[in-house]
Amino acid sequence: MPCLPPFHPIRSPGPALITSSSANSYTAGVATSNGADVWPAAMQGPPRSGCCRFCGTSLDQTVVDLGMSPLCENFLTSEQLNDAERFYPLHLWVCSECFLVQLEEYVSGTEIFTDYAYFSSFSDSWLDHCRRYVDKMIDELELTPKSQIVEIASNDGYLLQFFLQRGIPALGVEPAANVAKVAEERGVPTLVKFFGRDTARELVALGHQPDLILGNNVLAQVPDLNDFVGGLKILLGPQGVITIEFPHLLKTIDGNQFDQVYHEHFSYFSLYSAERVFAAHGIPIFDVEELPTHGGSIRIHAAHSENSSRVCSERLTALRAREAKAGMNTLAYYADFESRVRETKRKLLEFLIDAKRAGKRVVGYGAPGKGNTLLNYCGIRTDFLDFTVDRSPHKQGKFLPGTHIPIFLPDRLTVARPEYVLILPWNLKTEIMNQLAGIRDWGGSFVVPIPEVTVYP
């Protein structure tokens with residue numbers, strides 16, 4: 001018996017649910033064993049503007065409005081500084097029916113991800129996290145050189161390289177050709193395509209039925225959620241397992257992590273909303289792990305509903321209960337987030353104003369997507385932040401979108417000797433403070449902006 005999530009069917013705004021012999025009362029639609037989906041009309045095809053990308057309900061409940069912002073990975077060259085930039089609404093909604101938190105799609109995934117500036121291999125702590133994951137999954141699933149592994153949004157091969165080093169064949173699926181090229185150079189076979197039902201069918205036709213499908217920080221970046229998760233159902237081998245990691249919405253809201261919101265992240269998941277989506281496609285979640293990455297993430301484990309060997313874990317039951325106690329499946333839970341975000345903005349600006357009035361120099365560390373949300377929402381430009389530095393050569397020598405803050409190599413810090421270094425990828429603050437411990441030699445301090453301004457001498 002599959003691990004059934006405790007919720008009622010979605011009340012579709014479209015025609016009544018089409019039924020089939022495989023349909024279960026807990027699903028809003030069912031993916032049958034041959035990969036054919038059975039959906040209400042409101043959940044077929046691409047998402048409609050102004051409607052939930054999962055269930056089709058009209059969106060009218062605000063979580064937070066962060067104003068207008070450019071795409072966070074659109075770094076500028078010096079020749080582009082006088083060109084007009086496109087800004088889009090950064091307005092976060094929660095669906096009143098399935099409680100999926102989401103942005104509307106103002107820019108297509110093709111425009112965002114075909115040529116991408118984010119490379120996963122530039123964080124040592126992230127690589128350690130991935131290495132541990134590979135060791136864990138090899139042991140738990142008893143993977144061998146005869147097993148099949150597929151990673152969706154495999155980036156520069158940061159993770160699959162560890163499977164290959166253990167002699168286990170692996171394939172990456174990555175839409176950004178420039179990033180996939182780096183993976184191929186690393187020896188990681190990579191298919192340059194967006195993932196969905198069509199790509200899944202192509203892979204099955206080529207003989208792929210993975211024992212493990214994984215995706216790290218990709219689920220949020222999918223505009224057509226039903227097509228993506230439906231593709232996972234089609235591709236997964238009969239006894240296979242899916243693991244997907246994403247920032248946990250509970251941590252995002254409770255930790256005031258509003259800078260996790262940017263246009264590349266279309267959706268923001270609680271366990272509750274993720275269970276609804278995966279169960280609707282016939283791949284219910286049977287286990288969940290809580291992780292420290294990205295300010296607090298979860299890794300869900302899912303399998304075919306036809307696979308009776310997977311039973312509901314105690315960790316899953318416990319996290320369901322915690323989310324229910326917090327009220328994540330109620331609109332009240334999200335009501336005061338915007339006011340807390342505004343107060344964090346005021347406190348950060350107060351700190352920067354006081355520092356500048358005192359003649360102190362403030363620079364940034366990192367050029368992550370979250371940093372660009374923070375800087376654009378708070379109106380922080382070179383009047384407050386002289387420059388930022390980043391380890392990625394793909395960002396060095398360019399300028400942040402919207403704010404036009406220049407990005408230098410990290411060694412610029414020792415030349416500038418600033419009094420304060422504002423850590424924009426605050427989720428990596430321990431790693432970064434260890435790397436840059438030398439700034440304390442001249443009396444420098446670190447500043448972490450989230451959940452509120454904190455100075456680390």
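Leaving aside neighbours within four places in sequence, V447 is in contact (heavy atoms within 4.5 Å) with F351, Y420, V421, L422, I423, V453, T454 and V455. The structure is a predicted model, in which local features need pLDDT of at least 70 and side-chain atom pairs count only at pLDDT 80 or more, while totals for chains, interfaces and linings use all residues. Residues are numbered from 1 along each chain as its sequence is written, and side-chain values use heavy atoms, with hydrogens and water left out.

V447 belongs to strand β18; helices (H or I, at least four residues) and strands (E, at least two) are DSSP runs, numbered from the N terminus. With a relative accessible area of 0%, V447 is buried, where buried means under 20% relative accessible area, exposed over 50% and partly exposed in between (1.4 Å probe, protein chains only). The C-alpha atoms of V447 and V421 are 5.9 Å apart in space, although the two residues are 26 residues apart in sequence. S445 is also placed in strand β18, which covers residues 445–448. S445 counts as buried at 11% relative accessibility. Not counting residues up to four places away in sequence, S445 touches E419, Y420, V421, I439, V455, Y456 and P457.

The structure holds eight aromatic pairs. Rings of Phe, Tyr and Trp (its six-membered ring) pair if their centres lie within 6.5 Å; planes under 30 degrees apart count as stacked, over 60 as edge-to-face and the rest as tilted. The rings of F195 and F228 form an edge-to-face pair, because their planes are at 75°, with the centres 5.5 Å apart. This pair links distant parts of the chain, 33 residues apart: F195 is in the loop between β8 (190–191) and α5 (197–205), and F228 is in helix α6 (residues 225–235). Both F195 and F228 are buried.

A further edge-to-face pair is made by F387 and F408, whose ring centres are 5.3 Å apart and whose planes are at 65°. Here too distant parts of the chain are linked, with F387 in the loop between α11 (369–378) and β15 (388–389) and F408 in strand β16 (residues 407–408), 21 residues apart. F387 counts as buried at 2% relative accessibility, whereas F408 is partly exposed, at 24%. The charged end of R412 sits over the ring of F408, 3.9 Å from its centre. The charged end of K370 likewise sits over the ring of W426, 5.5 Å from the ring centre. For this assignment, NZ of Lys or CZ of Arg is within 6 Å of the ring centre and within 35 degrees of the ring normal.

An open sheet of seven strands has mixed pairing and the order β8-β7-β6-β9-β10-β13-β12. Strands β8 and β12 (285–291) stand at the edges with a single partner strand each, so one side of each has no neighbour in the sheet. Strands pair if DSSP finds at least two bridges between them; β10 (residues 241–247) and β13 (residues 297–302) run antiparallel and are joined by six bridges. E245 stands opposite R299 in β13. Helix α9 (residues 314–326) packs on the sheet and touches β12 and β13, its direction making about 70° with that of β12. Axes are lines fitted to C-alpha atoms, for helices over the stretch in contact, and angles run from 0 to 180 degrees between N-to-C directions.

The protein has 13 helices and 19 strands. Buried residues make up 58% of its 457 residues.
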